[in-house]
Amino acid sequence: MNVKLRRNLLRVALCLIAVAGGFLLSFIGMYHSIILDNSEFSGAGAVLPPLEGLRVVSEAEPVEMSPGDRILVSAKGPSTTLVFEITSPETQQSREISYTLHMGFKKQFFLSVPAIVGGEKDPFFVE
Amino acid sequence: MKPKYSLKGALISNLVPIVFLMFAAFAVPMSGLSIPYLLHEMISRLARDSLLVLSLVIPVLAGMGLNFGMVLGAMAGQIGMVLVVDWGLGGMPALLVAALLGTPISIGLGYFCGYILNLAKGREMVTSYIIGFFMNGAYQFLLLYCMGSIIPITNPELLLSRGYGIRNSMDLPNIRQVLDRLVSVEVFGMDIPILTFAVIAVFCLLIVWFKTTKIGQDMRAVGRNRAVANGAGIPVEKTRILAIIISTLIACYGQIVSLQNLGTINTYNSHEQVGIFSIAALLVGGATAENASIANVFVGVFLFHLMFVVSPMAGKNLIGDAQLGEYFRVFVSYGIIAVSLLLHAWKKRHEMLERRLLENDGKE
């Protein structure tokens, strides 16, 4: 292999590595907006009421949500885990539900908390 | 033989930093600012601007004077930052992606600038200054008209109300001081951005290493005498283009480091200011259009910024008007550029006259 061809191959390889590196860095460094909605959810024939005594733990500080509340949390990277702590107002018993959201390159998500807690397969609102 | 040390020679060659030090010795007590506050400010500003000023060292080595075309690199860095903000990136990956995006742009702009400067040998400084203006037009066209119309911008907060073109200023909420805060230590209540200084140190070492390589030696030879270098088989034009490309590339990274420290982008002005500012800082550090070292960079940034911080307060305490102190600082700091360029022109003219006299003597 002559020197010129080898140099050009090396240059092309470096360019490809730079592009791949940029793509990977964009994947891990992207910030996403997640809107969480705690109002009545109706889907797949079921109606899920809003939750009381709800506390959301995300990458930011924990936030308490009342029925009808809507909050915005931001998350970085390809996926994030949201933890919902629900304390029953009658029995004062708490339960925790973790939900892992795979975000990819999408910037914004609109999720229903009652749907997530209720185990709905598709807790997303159509924008 | 080792050259004989002379105090007079040392004083003359370091006249500018000595004058600035004397001015600082007078202005610091007058300003009433505390030493810890000044130290904190100096550390922050050294981290912010050293890399930008460092970008000017290589073209001086190649005999191309002070590269006013470094603003092209700053533009490339800003384009990278605008795109990164639009894509919603944050943290260190955002800085790295901005650098990756800025790299090909600054290499292209550096090649263009170097090519033009080869056509204007002997008038590099004024040519690079005008190239900066010319490319500023292209930059404004790209950001004001192409972004949002031809180049997709998905974040409406970045766009002007008409639907295309980038806003005058942008916040960098997820990028602000990510490099500075990633590895930092607190000493006497001052945050020292270790990683930023490590990055600057790496670039300093690269420049020192580069000077020892074959291309570095070629650059030095080209800087000393183009005709002799050409005669020795050194590709003069290629070497000069390479010097400008390296300078533009370092300026691009320098602008990214500077913007992450500030946390905002003044979209249409940030890059314009860095050229004049960096050159003034380098000259204040004792460099000339023919000779610049890494020490000049740090001394220059320190003294130049010290003036920035203390002058308004000193002016206010001395005369009762902060603006007057600021006027004086601007007059002295930027007057240095004029004096330096004047001395450079005078020296060149003197050398040319001496050469002509020698040639005439040879003929006779």
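The legends below describe close-up views of a predicted model. Residues are numbered from 1 along each chain as its sequence is written, with chains lettered from A and ligands numbered from 1 in the order in which they are written. Local features need pLDDT of at least 70, side-chain atom pairs count only at pLDDT 80 or more, and totals for chains, interfaces and linings use all residues, while side-chain values use heavy atoms, with hydrogens and water left out.

**View 1. The open sheet E6-E1-E9 of chain A.** The sheet has 3 strands in the order E6-E1-E9, with mixed pairing. Strand E6 (70-76) and strand E9 (108-112) of chain A are the edge strands, each pairing on one side only. On average, neighbouring strands of this sheet are turned by 25 degrees against each other, direction ignored. Strand E1 (residues 31-37) of chain A is antiparallel to E6(A) and joined to it by 7 bridges. Within this pair, Ile35(A) has Leu72(A) in E6(A) as its bridge partner. Strands (E, at least two residues) and helices (H or I, at least four) are DSSP runs numbered from the N terminus; two strands pair if DSSP finds at least two bridges between them.

**View 2. Asp69(A) in the loop between strand E5 (63-65) and E6 of chain A.** Asp69(A) counts as partly exposed because its relative accessibility is 28%. Buried means under 20% relative accessible area, exposed over 50%, and partly exposed in between (1.4 Å probe, protein chains only). Asp69(A) and Asn38(A) are 31 residues apart in sequence, with a C-alpha to C-alpha separation of 5.4 Å. Not counting residues up to four places away in sequence, Asp69(A) touches Leu36(A), Asp37(A), Asn38(A) and Glu64(A); contact means heavy atoms within 4.5 Å.

View 3. Gln92(A) lies in the loop between strand E7 (79-87) and strand E8 (94-102) of chain A. Gln177(B) sits in the loop between strand E1 (169-171) and helix H8 (178-182) of chain B.

**View 4. The packing of H5(B) against helix H6 (residues 91-119) of chain B.** Two packed helices are described by the angle between their axes and the distance between the axes. Here the axes come within 7 Å and cross at roughly 145 degrees. Axes are lines fitted to C-alpha atoms, for helices over the stretch in contact, and angles run from 0 to 180 degrees between N-to-C directions. Residues of H5(B) in the contact include Leu72(B), Gly73(B) and Ala76(B), and those of H6(B) include Leu101(B), Gly102(B) and Ile105(B). The residues of this contact divide into 14 nonpolar, 4 polar and no charged, where Ala, Val, Leu, Ile, Met, Phe, Trp, Tyr, Cys and Pro count as nonpolar, Asp, Glu, Lys and Arg as charged, and the others, Gly among them, as polar.

**View 5. Gln78(B) in helix H5 of chain B.** Gln78(B) is buried, since its relative accessible area is 0%. Its side chain makes a polar contact with the side chain of Gln255(B) at 2.6 Å. A polar contact is a pair of N or O atoms within 3.5 Å; within protein, one must be able to donate a hydrogen and the other to accept it, and residues adjacent in sequence count only if both atoms are side-chain atoms. Leaving aside neighbours within four places in sequence, the contacts of Gln78(B) include Tyr139(B), Leu259(B) and His271(B).
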